[in-house]
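Here is a short briefing to read alongside the structure. Take a look at the model first, and then we can walk through some of its features together.

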Amino acid sequence: MTVINVTLPLELIKDINDYSKIINDILKHDISFNVLKFSIISSGVTLLLDVPDDKIEIITEALEENNAIINKKGRVKIDFENCIDCGACVALCPTDALYMNSENRLEYTEERCMACLLCVDSCPRSAIKEE
Amino acid sequence: MTKTYAEINEKIKNGNVVVVTAEEMIKIVEEKGITVAAEEVDIVTTGTFGPMCSSGAFLNFGHADPPIKYEHLWLNEVHAYHGNAAADCYIGCTRMADVRPFEYGGGHVIEDLVAGKPIRIRGNSYTTDCYPLAEVDTELTIKDLNQAILCNPRNAYQRYVCAVNSSDRTLYTYMGKLLPRFGNAHFAGAGALNPLTNDPDYETIGIGTRIFLGGGIGYIMGEGTQHSPKSRFGTLFLKGDLKQMTSEYLKGVTYPKYGTSMFVGVGIPIPILNEGLAKKTAISDNEVLTDVVDYGIPRRDRPILRQVSYKELKSGFVELNGKFIKCSSLSSIFYARKIAETLKKWIKNGEFLLNPPAETLSTETICKPLKQISELKFVKDLKKKAIICYDDCDIKIVAEKIIQNNMNHIVITNRAKILLGIVTSFDITKALAQNKTELKEIITKRVVTASDNDPIEIAARKMRNNNISALPVIDDNKKVVGIITSEELM
Ligand code: SF4
Ligand code: SF4
């Protein structure tokens, strides 16, 4: 699964019909995906979608036809060679994708990462990179 | 029951010494009681591995031919301090590289040196009759140095605070990245494993104490800078031969938007000379207390929000005003434990003997703040009257007020003077150009504010960082009590 960050600019959706059309254009391809985050910001609506790797192209096309802005966000990668198990990233992770195991070593569950990228600039060893 | 250093060392040599880590000691005392534990256990080992900014190393390069007296000196582009004799220098871990600041610094140079990597040395000189060479540019490894001495004026804090952030923006600090509105909490230090925590009255710790330092053997030179025993913030001045250390326990780090530092591994053996020490070394995370401090207030004396135990800190959450905030450590508990275990192994194998300090650390030292000659000025001293319009007023009235008062910023409030937004003369011009007539269409609602007791420097930094020229001054209830603009700061 890959996380994509979709922005529906303010002008694009004036009412619920516009919104439904965009979502229906995706759903007609019969793909199941997860909505990780739905937020309204000053420039429009942003969605974080967790999409199966082989369906990314179809979804991207369907969204781009509707003028949505797509930004593929990778989940993060941890360079365990450089990690010193300090924990500076752990309290920042909203989904517990980064956590300390019973031995106090850092563990990372990629599936739980929703690519918020809050952790990236917290690591004193530059061991967290956006994919 | 009492034991002496000589008796304990004899046991080390005979191979029948009993050494446990500070964490293991807790259980032993719990199960067997203090008297038996003091009888049975000879040494308790401790450990900590965290960022220690007051760290660095003295290096001696040997003389060039012809000789040079360095004036400026860079190791892998990190400026080293050179105020000593010709071929000595001090490389400090927070000094950042000229070319890659916030990426590489003195701590990384020390890590690379210890790892055996080649380091580029570049230096220049004003030249003298005895030191005629003007420039050096060479590469060397730690083996090529005459001396490489880790020398850290302030390490191994007895405990440290837990940092949170009440402000409405993300802060990048030496306590890591702190999310706004109490989004997370960070603490440092290993709690019950921390060296000074296990001998809080410094009965066995002092000048000359042999310790684990950076994976090798080091010594305590005395109390560290800002040593503050009465508030249980004791510190240590440490030294050791870098040549026998390992890069596993000396790691250069960089905190984004703060700067570089170095993780230093420190472990101290505490000899159980009497029952009192058995009791003290059995201290648990539950009993090591520290303060939760609000780093959102940029002052020396930041507000203390509550007391908290290391047990709660290590649980992953701290409670604040009924809410649970995600909490994590900045120092590695895994490596702290590994250091205590390694030191234990060294002693068991007879490779490490204990020695009494020449003089124990002071329990009296007081840590004073900086004496500042110029008086600190506050926002309340320099603010002026804010020109206020209510949110239901006409744009035209706002424009008139700008002209009448010769002010660029009009503060928008409700009838109770509670801050709602700000409008600048530029916003009015823009409204005119875009045919906007409603005040609410042009008002900026996300306003950066100041409060009466903010030092002027803080207000200036807010303006600089946000690229703005005025801050409404508000009280705790968001009521507008004035405005401070860049003009007052000139
Ligand atoms: S990107 Fe966000 S969700 Fe993913 S690991 Fe980092 S903090 Fe956690
Ligand atoms: S902040 Fe970096 S070094 Fe520390 S635990 Fe996380 S990934 Fe590892």
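Which residues in α3(B) are buried? They are B:Gly106, B:Gly107, B:His108, B:Val109, B:Ile110, B:Glu111, B:Asp112, B:Leu113 and B:Val114. Please keep in mind that this is a predicted model.

**Helix α3 of chain B**
- Helix α3 of chain B covers residues 106-114 and is mostly covered, with 9 of its 9 residues buried.
- After α3(B) comes B:Gly116, which has a positive phi near 85°.

**Chain A at a glance**
- Chain A holds 2 helices and 8 strands, and their order along the sequence is β-α-β-β-α-β-β-β-β-β.
- The C-alpha trace of chain A spans about 50 × 30 × 20 Å along its principal axes.
- Of the 131 residues in chain A, 48% are buried.

**A negative patch on chain A**
- Four glutamates, A:Glu57, A:Glu61, A:Glu64 and A:Glu65, form a negative surface patch.
- One of them, A:Glu64, sits in helix α2 of chain A, which runs over residues 56-65.
- A:Glu64 counts as partly exposed because its relative accessibility is 46%, a value between the 20% and 50% cut-offs.

**Salt bridges**
- Over all chains, the count comes to 30 salt bridges.
- In chain A, A:Glu110 pairs with A:Lys77, and their closest N and O atoms are 3.7 Å apart.
- In chain B, B:Lys230 and B:Glu364 meet in a salt bridge with an N to O distance of 3.1 Å. This pair links distant parts of the chain, 134 residues apart: B:Lys230 is in the loop between β17 (216-223) and β18 (236-241), and B:Glu364 is in the loop between β26 (359-360) and α7 (379-382). Both residues, B:Lys230 and B:Glu364, are exposed.
- B:Arg415 and B:Asp392 also form a salt bridge, with the closest N and O atoms 2.9 Å apart. B:Arg415 lies in the loop between β28 (409-413) and β29 (419-424) and B:Asp392 in the loop between β27 (388-390) and α8 (395-405), so the pair ties together parts 23 residues apart in sequence.
- B:Arg415 is exposed with a relative accessible area of 57%, and B:Asp392 counts as exposed at 54% relative accessibility.
- Shared partners also join B:Glu77, B:Arg120, B:Arg122 and B:Asp137 into one network of salt bridges.

**Cysteines**
- How many disulfides are there over all chains? The count comes to 0.
- B:Cys162 has its closest cysteine sulfur in B:Cys327, but the distance of 4.8 Å is too far for a bond, since a disulfide needs sulfur atoms within 2.5 Å.
- B:Cys162 counts as buried because its relative accessibility is 0%.
- In chain A, A:Cys83 counts as buried at 14% relative accessibility.

Definitions and conventions: Residues are numbered from 1 along each chain as its sequence is written. Chains are lettered from A and ligands numbered from 1 in the order in which they are written. This is a predicted model: local features need pLDDT of at least 70, side-chain atom pairs count only at pLDDT 80 or more; totals for chains, interfaces and linings use all residues. Side-chain values use heavy atoms; hydrogens and water are left out. Patches are made of residues with over 30% relative accessible area and no salt bridge: like charges are joined within 9 Å, nonpolar side chains (Val, Leu, Ile, Met, Phe, Trp, Tyr) within 5 Å. Accessible areas come from the Shrake-Rupley method with a 1.4 Å probe; for residues, only the protein chains shown count as cover. A salt bridge is a side-chain nitrogen of Lys or Arg within 4 Å of a carboxyl oxygen of Asp or Glu. Lys and Arg count as positive and Asp and Glu as negative; His and the chain ends are not counted. The place of a charge is taken as NZ of Lys, CZ of Arg, CG of Asp or CD of Glu. Helices (H or I, at least four residues) and strands (E, at least two) are DSSP runs, numbered from the N terminus. Buried means under 20% relative accessible area, exposed over 50%, partly exposed in between (1.4 Å probe, protein chains only).
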